[in-house]
Each structure stands twice: as structure tokens, then as C-alpha cells.
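Hi there,

Here is the structure I promised to pass on. Have a look at it first, and then read my notes below.

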Amino acid sequence: MTTPAERYAAFRDKHAGSGPALTSFRGLYDFELDEFQLDACRALEAGDGVLVAAPTGSGKTVVGEFAVHLALEQGSKCFYTTPIKALSNQKYNDLVRRYGAPKVGLLTGDNSVNGDAPIVVMTTEVLRNMLYAGSTTLAGLSHVVMDEVHYLADRFRGAVWEEVIIHLPESVRVVALSATVSNAEEFGEWLGEVRGDTTVIVDEHRPVPLWQHMLVGDRLYDLFVDEDNRPRINPSLMRISRDEQRLAQARGRRGYSRPRRSANGVSRSDAIEKLDSEGLLPAITFIFSRAGCDAAVLQCLHAGIRLTTDSERHEIRQIVDERTAHLPDEDLSVLGYLEWRDCLERGLAAHHAGMLPAFKEVVEELFTRGLVKAVFATETLALGINMPARSVVIEKLDKWNGETHADLTPGEYTQLTGRAGRRGIDVEGHAVVAWQPGTDPVAVAGLASTRTYPLRSSFRPSYNMAVNLVGQVGRERARTLLEASFAQFQADRAVVGIAKQLRRAEEALDGYAEAMTCHLGDFQEYAGMRRELSDRESDLSRQRGTARRAQAVRSLEALKPGDVIRVPGGRRAGLAVILDPGLTMRTEGPSPLVLTIGKQVKRLSAADFPVPVEPVERLRIPKGFNPRAPKDRANLVATLHAKIGDRDLGRPVRARDHDADPTRGSTPGSPEWEIAELRRKLRAHPCHGCDEREDHARWAERYHKLLRETDGLRRRVESRSHVIARTFDRVCGVLDQLGYLDGETVTPEGRRLSQLYTELDLLTSECLRAGIWENLDAAELAACVSSLVFESRQADDARPPKIPAGAAKESLAAMVRIFAELEDIERDHGLSFIREPDFGFAWAAFRWAKGHSLDAVLTDGDLAAGDFVRWVKQLLDLLDQIGKAAPRGGKVKQNAAKALDALRRGVVAYSSVA
């Protein structure tokens with residue numbers, strides 16, 4: 001038994017370096033914090049900002065929760081930002097359970113709950129909008145947690161994260177939580193520059209070890225085996241791969257072209273049963289297709305799989321019925337509710353963006369509780385939602401990215417498999433790759449072994465950003481602020497490397513210049529004359545070649561059947577008779593069909609005639625001549641021999657003979673005359689008589705080559721320097737031209753644009769200014785505005801979308817005209833931000849706003865319920881912005897409010913916040 005003194009010493013060691021806030025915070029958990037968590041918390045309590053880069057499931061959100069705790073202890077505010085609404089809702093519920101509803105608020109596009117609370121969870125876009133609006137809610141803010149901060153690499157939304165980091169008040173400490181990225185130190189250095197003292201904590205250790213496997217047929221193989229304490233790819237997998245390749249080659253040699261299903265493949269239902277028998281459930285199987293996820297659940301259902309006990313089934317039914325009680329019965333039947341619930345009661349579920357949000361949330365809750373054992377999901381599940389499993393199965397190592405089938409990247413593989421292994425529950429996690437025909441174990445091992453990927457900024461100024469910044473700080477200060485972006489920081493980093501190359505090249509140029517110095521004169525001038533002479537001769541040669549080939553084509557076009565010509569060179573050189581001039585089938589010029597002196601019929605092309613061709617004789621081709629008949633060919637060749645006889649046709653004309661014209665150089669001002677003058681000046685130069693002339697010339701050639709490379713490096717430096725500020729200047733140029741800015745002043749039109757936070761902000765503002773929506777009713781307005789948020793999943797969908805007739809149709813046409821005008825203006829300013837309105841959701845938005853049933857809207861629009869709800873919610877968000885930005889007393893403001901009421905009903909109106 002330890003003494004009181006020993007127990008006190010242990011307590012003191014345990015809490016060494018912990019301030020009072022961290023000490024009280026540690027008491028909230030029934031487990032010891034990891035060292036990286038403690039280091040980050042200590043840095044926060046010391047007043048630093050922190051960047052924590054750690055694997056999925058490692059517990060980095062604990063650091064964000066400490067920022068919340070610290071703000072409450074200090075009597076200040078903490079904002080907890082997330083990239084997606086579902087994650088915001090989840091975090092809100094977590095914090096309410098800990099601190100109580102009065103202390104926690106939620107602000108997303110869908111929900112506004114207790115926004116003045118000391119802790120507010122929100123999407124990152126909401127915080128960005130607050131900063132530009134100068135919201136009073138920012139008063140007393142001390143900490144901002146940016147969960148999943150690696151989202152700033154996202155091509156569409158990433159700029160928002162940088163805007164927030166740059167524009168937050170200096171007194172605010174930023175807590176950035178990121179997946180493991182290979183350039184965390186670079187990102188942390190940038191945070192230090194723009195936010196002040198920032199501690200970078202990188203932890204690559206997984207708290208739950210991850211084992212890698214491959215499922216081949218009905219056998220589960222370890223991907224790696226130990227050999228002399230060093231991991232290597234399992235030889236059994238390599239043997240299977242070689243055998244499969246040999247079999248495929250053998251089938252190819254026998255002429256079997258139709259692929260058969262690989263004997264090593266496994267059905268989805270068999271895979272689940274195998275995982276169940278190995279004790280590897282619960283599992284998430286990633287299938288990169290919504291239809292594939294739904295089909296997998298049905299396959300397991302039809303295979304009779306049941307993974308739950310009677311008591312679990314009873315609990316599942318209770319939860320499902322309770323969580324969906326608010327949904328209308330007629331909508332539930334449309335959504336296939338009974339079949340969905342039956343699958344859930346068996347422990348099976350799909351999870352993808354096409355599902356109703358309420359259904360997805362039920363799946364997440366049941367899986368987290370351990371009631372659902374097998375989930376088939378698209379990769380969107382890997383993005384932030386806290387839904388860990390014992391095992392993760394990846395069905396294929398490639399996915400459709402909207403344009404092509406692309407291989408999974410190491411970063412994507414790490415993100416997906418990061419869900420495997422539940423901390424505090426599982427001793428180890430398991431990543432399983434299902435065998436597919438052509439699977440390469442080496443490629444799988446490469447994905448599994450590469451743990452990190454670089455974070456690349458996607459930041460660029462937008463029109464809304466420009467008017468907000470100019471309005472707040474003026475144009476010059478705005479340029480300076482944007483120069484502080486991570487995008488410019490990375491560009492400057494790249495410039496540093498290029499600038500080093502440039503300095504080395506410039507030093508080498510000095511050395512080359514010294515080496516070519518001639519005591520007789522300026523050798524650089526002499527070398528320039530030599531280069532000019534060489535360039536002029538090359539140009540002249542090219543011009544002559546072009547003219548010669550054009551003459552050759554014209555001469556071929558003049559040929560007639562029976563003409564005897566001389567093929568000047570190549571394998572078919574010699575005499576030939578024209579059988580068909582080949583003028584009707586030409587693509588690259590005439591293609592004459594000829595009978596050669598060797599009795600062969602050949603199709604020639606313009607490439608066989610580098611010089612013009614002229615007939616040397618003419619024959620009459622017999623009327624019944626058949627080029628396929630050997631006898632006819634022999635008779636015609638005999639006639640050719642008889643006609644030509646022993647006549648001397650002279651030497652064939654070659655290209656250089658054709659170009660040689662002794663009279664060409666005698667005309668002053670002609671290219672030949674100018675070249676002769678250059679040669680004369682070259683011979684007269686002092687350096688021409690130098691004994692070391694050719695040695696100097698070699699150094700001069702190196703100098704000239706390096707000078708070209710140096711100019712290229714200099715252009716690269718200039719193109720990357722101030723790239724964000726130059727883009728900002730172009731954006732401001734567009735806004736000046738359209739009257740949104742007047743120098744340093746934001747015009748009334750610009751102030752309206754500053755309230756529109758959407759990808760097509762400028763197009764939305766121009767539509768408002770043009771008044772093209774004034775004569776629309778609420779449903780028609782919803783249809784038109786939907787084209788500004790909707791983007792078809794398949795850009796090449798050939799079917800024209802259905803749109804409302806009448807005023808709405810005219811307004812949509814006017815929107816396209818405005819888009820075309822803006823596209824031209826952007827092109828003039830060197831920009832390409834805008835995209836064409838997409839009418840693919842207009843009919844669904846119109847009918848829903850008119851009060852049609854969910855069944856009718858989904859069926860008519862060929863829409864998934866989840867997609868429908870998501871697009872309507874985005875439409876609601878933009879309609880709300882338009883209603884606020886539209887002129888007072890106008891019809892658009894009134895109808896935007898009416899459209900909001902008409903759209904916010906049924907499955908759309910449901911809020912998931914408990």
C-alpha cells in the first residue's frame with residue numbers, strides 16, 4: 001500500500017504543468033488524456049492558439065472541448081465551427097449534455113437556437129457572415145474552434161476557412177483541428193503569422209492499432225506479414241495476383257474475350273457473414289455509389305441475414321418510431337419506411353446523401369449505440385460524423401469523381417479507414433479491402449502505408465468578399481489582408497525555391513559571360529549576329545518548305561488518269577502510272593492510286609512528293625482495265641516500257657535542287673539578300689578572326705540557353721508573386737465596371753451584393769438590379785432562384801429539364817442572358833468565376849412551393865429524398881438572403897417571404913436538433 005506522501009507525489013506529477021482550468025477539465029473525463037491532448041490544452045491555457053493534426057478517431061476534439069471549458073472559466077465566449085450542419089447538430093447535442101441548454105447555442109442555415117449563449121456551435125459560413133456584418137454576437141469572443149480545418153483545401157468552400165482565420169479579431173485564439181497532413185508545420189507557421197503565437201501539435205499515433213486485410217473469396221488475409229521483424233506484403237496475396245494474371249492471359253490467347261466473375265470475388269452478403277463469423281462487426285462498407293449502397297442492403301435482406309437479438313430489435317423499433325413520429329404517414333410510404341425499418345431491425349442500413357436527413361440521423365444513432373451492425377455508405381460518411389466502427393470495408397479502390405473513374409488517393413484511403421477502431425471499446429481496428437479482378441496487393445499496400453497528404457489552399461477572392469472588404473477597410477488595406485492568405489503564403493514558399501534557382505542561374509550567367517570574353521571585340525554581339533543568321537536561315541528554309549509542299553499539292557491536283565510520273569523518293573521511287581488522282585477521298589491532300597514500274601498498285605499521299613511533280617509521258621488506260629488482275633497490270637507496265645523506251649529522263653529533282661535559284665539573292669530586300677548581308681557583316685566583325693572563336697561560341701551558346709531558362713524562371717516568380725492581390729484587382733475591375741464599387745466607395749448596389757453569400761453572388765445581384773423577378777409569384781420565384789443553387793450530378797445529362805411556363809420561363813431566359821453578359825465582362829478582366837444557371841431543380845421547386853405532395857414531386861423530378869431536401873434547404877437559404885437584400889416595398893421581398901413559407905413544410909421543415 002502506498003503512503004499518503006507517495007500518493008500526493010503521484011498526484012503532483014500527474015498534474016505537473018496543468019493550470020486550474022486544465023485540472024478541472026481533466027476531472028470531466030473518466031480516462032486519462034493523451035500527451036498530445038495535454039500539450040495542446042497547456043498551450044491554450046498559456047494563451048497560445050493551437051493547431052492539432054492527428055488521425056481520425058484519436059480524440060483531437062477533446063482539445064476543442066477544452067477551449068469551450070476555458071472560455072466558460074474565463075467568463076468569455078467560444079464559437080465551435082464545423083464544416084457540415086450534421087456535425088454542428090451532433091456537437092451541439094454533445095455540449096448541451098455537458099453544460100446544459102442555457103449555455104449552448106446553435107446557428108446553421110436551418111436552425112437558430114440561443115445564438116447569444118456563451119458557447120455557440122455553427123457552420124463556418126455563419127461565422128464568416130458574422131464577421132463581414134460586424135455582428136454584436138462577436139462581443140466577448142475569446143476562442144474559436146475550427147473543426148476539420150483541412151476543409152480549407154475544398155475547391156468550392158475552402159476559402160471560407162481562410163476568410164475566418166484572417167478576419168477574426170486579434171484577441172481571439174484559434175483552435176484548429178485537422179486530419180494528419182504532411183505540411184502541418186507549414187500551415188502552423190502561416191497561422192502564427194496571421195494569428196500570433198500558435199503551437200503546432202502533430203500526433204501520428206493511432207490510439208487503436210489498425211490491421212490491414214484483404215478479403216479474397218471466403219478467406220480473410222492479412223495484407224502484411226512480419227519477416228525478420230520487418231513487414232512485407234503477404235506472399236499468399238502476391239501468388240493469388242500472379243495466378244489471376246496468368247489465367248487472364250491464357251483466356252486471352254484462347255480468344256475468350258468476355259470477362260467472367262473472378263473466383264476470388266465475394267458477394268456483399270457473404271462479406272458481412274464472414275465479418276460476423278470473424279467477430280469484426282460492427283462494420284462500415286464503403287461503396288462509392290448510392291444505388292450500390294441500397295442494393296447491398298437488399299442483397300443482405302434477401303440472403304436472410306439477421307444480426308440482432310430480439311431485445312435489440314425491440315429497442316430499434318422504439319427508436320425508429322420515436323424519431324420519425326413527426327413525419328406525415330403519406331410521406332413515409334413514399335420513402336419506403338417499412339422496408340427501411342425492417343432492414344434496421346436486422347442490423348442493416350445504408351447511409352448516403354440521397355437519403356432523407358431524418359433517416360440518416362436514425363442510422364447514425366443506431367450504429368453509434370451498437371444496434372445496427374453493418375452500414376453500407378458512400379464516402380460522405382467519412383467526413384466528420386462521429387460514427388466509428390470495429391471494421392471498415394472498401395469495396396473498390398477507384399470511384400467516380402464526377403468526370404472520370406479515379407483511383408483512391410492515400411489521403412482518401414486514410415480518411416475512410418480512420419473510422420475503424422472504437423476508442424475505449426476495440427483493442428484494434430480492421431481495414432478490409434475486397435478483392436476485385438485486377439487487384440494489385442502492392443498498390444493496396446502503398447495506400448495503406450502512406451499516412452499523410454499535403455494541405456493545399458483553394459482560396460480566391462469573390463465578388464461578395466471584395467465589396468465587404470473594401471467597405472470595411474478600403475481597397476489597399478483589403479489587398480494587404482488578402483496577401484496574408486494561406487494561398488499566397490504557399491505561393492510565396494514556392495517562389496522562394498524558384499528564386500534560389502534564379503539566383504544560381506544568374507551567377508552562372510556571369511561565369512559564362514566571362515568565359516566567352518574575346519580580346520578582339522564584343523563576342524556577345526558577335527554571338528548575337530550568329531544566332532540571328534541561324535534563325536533567319538531556319539525561317540527561310542521553313543518558308544521554302546511550306547511553299548514547295550503547297551506547289552506539290554497543286555501539281556498532284558492537276559494529274560489525270562494515264563499520266564506517267566516519277567515518284568521522287570522512298571520505297572515507291574521510280575516511274576508510275578496514275579490510275580485515279582484520288583481527289584474525292586483526300587483528307588491531307590490528294591491521294592493518287594498508281595501502278596508502279598514493279599507492277600504494284602499503291603495509294604500514295606502528298607507526303608510522297610516533297611517537290612512538285614510533272615507528267616513525263618501519257619498512256620491510254622484500256623477501258624476494261626482491272627487493277628486487281630495481274631495480267632492487266634503486266635500489260636500496262638509493258639506499254640509503259642514501250643512508250644518510254646531508252647529515253648533519258650534525267651536525274652529526279654530533289655528538294656534542294658528545287659529551292660536553288662541563283663537569281664533569288666540579287667534582289668535588295670529579299671530574304672536571301674538580307675541573309676547574304678548578315679554573312680558579310682559577320683565576316684567583317686573583329687571576333688570572326690579570333691583563333692578561339694569556336695570555343696567562345698560554345699560558351700556563348702550555353703549563355704544564351706541559360707538566359708532563356710533564367711527568363712522563364714523570372715516569369716514564374718512574377719506570376720506567383722502577389723497572385724491573390726492581382727486576382728482581387730481584377731475582381732474590383734469587374735465591380736467598378738458594373739457600378740458596385742466607385743474607387744474606394746461601395747455603392748448602394750455594392751451594399752446589396754455584400755449581403756449575398758452564394759457562389760453566384762454577382763449573377764443574383766444583377767438579376768435583382770434588372771428587376772426580372774418582379775412579376776413572378778412565390779412559386780415562380782422559387783423556381784428561378786433554384787437555378788442559382790442547384791448543380792446537376794451529371795453535367796452531360798442530355799435531357800432538357802422541365803421548367804414552368806409563362807413568366808417563370810421568361811425570367812429564366814433573362815437570367816441566361818445576364819449570365820452571358822457577365823461571362824463576357826469576366827473574360828475581358830481575365831476571370832472565370834461564374835457558371836450558367838442550372839434549371840434541373842426548377843420544376844421540383846415550383847411544384848413543392850405550389851403545395852404538391854412529396855410523392856408527386858419526387859416521382860416527377862426523378863429525385864432522391866435526401867437530394868430534394870438538401871436542395872430545398874439551400875434554396876431557402878438563398879431566398880432568405882434575397883428577401884433581405886431586395887428593395888423595400890418591392891414584390892421580390894414579399895414573394896421571397898411567401899416562398900419561404902410555402903417551401904418550409906413536411907420533410908423539409910423537420911429540424912434534427914433534440
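**A strand pair and its sheet**

His213 has Val432 in β19 as its bridge partner. Keep in mind as you read that this is a predicted model. The two strands behind that bridge are β9 (residues 210–216) and β19 (residues 429–434), which pair in the parallel sense over six bridges.

Both belong to an open sheet of seven strands, and its order is β10-β9-β19-β16-β13-β15-β14. The pairing in this sheet is mixed. At the edges you will find β10 (219–222) and β14 (348–351), each of which pairs on one side only. On average, neighbouring strands of the sheet are turned by 25° against each other, with direction ignored.

A helix also packs on this sheet: α11 (residues 290–302) touches β14 and β15 (374–377). The direction of α11 makes about 175° with that of β14.

**An enclosed helix**

Next, please turn to α28 (residues 761–770). Eight of its 10 residues are buried, so the helix is largely enclosed by the rest of the structure. The buried residues in α28 are Asp761, Leu762, Leu763, Thr764, Ser765, Glu766, Cys767 and Leu768.

After α28 comes Gly771, which has a positive phi, near 70°.

Helix α26 spans residues 723–738 and contains Gly733. Is Gly733 buried or exposed? Gly733 counts as buried because its relative accessibility is 18%, and the cut-off for buried is under 20%. From Gly733 to Asp828 the C-alpha to C-alpha distance is 9.9 Å, although 95 residues separate them in sequence.

**One more helix**

Finally, have a look at Ala86, which sits in helix α5 (residues 85–99). With a relative accessibility of 34%, Ala86 counts as partly exposed, since that class runs between the 20% limit for buried and the 50% limit for exposed. How far apart are the C-alpha atoms of Ala86 and Pro357? They are separated by 8.8 Å, while the two residues are 271 residues apart along the chain.

Happy browsing, and do write back with any questions.

Best wishes

Key: Residues numbered from 1 in each chain as written. Predicted model: local features only at pLDDT ≥ 70, side-chain atom pairs only at ≥ 80, totals over all residues. Heavy atoms only, no water. Helix = DSSP H or I, 4+ residues; strand = E, 2+ residues; numbered from the N terminus. Buried < 20%, exposed > 50% of the residue type's maximum accessible area, 1.4 Å probe, protein only. Pairing = 2+ DSSP bridges. Axes fitted to C-alpha atoms, helices over the stretch in contact; angles between N-to-C directions. Contact = heavy atoms within 4.5 Å.
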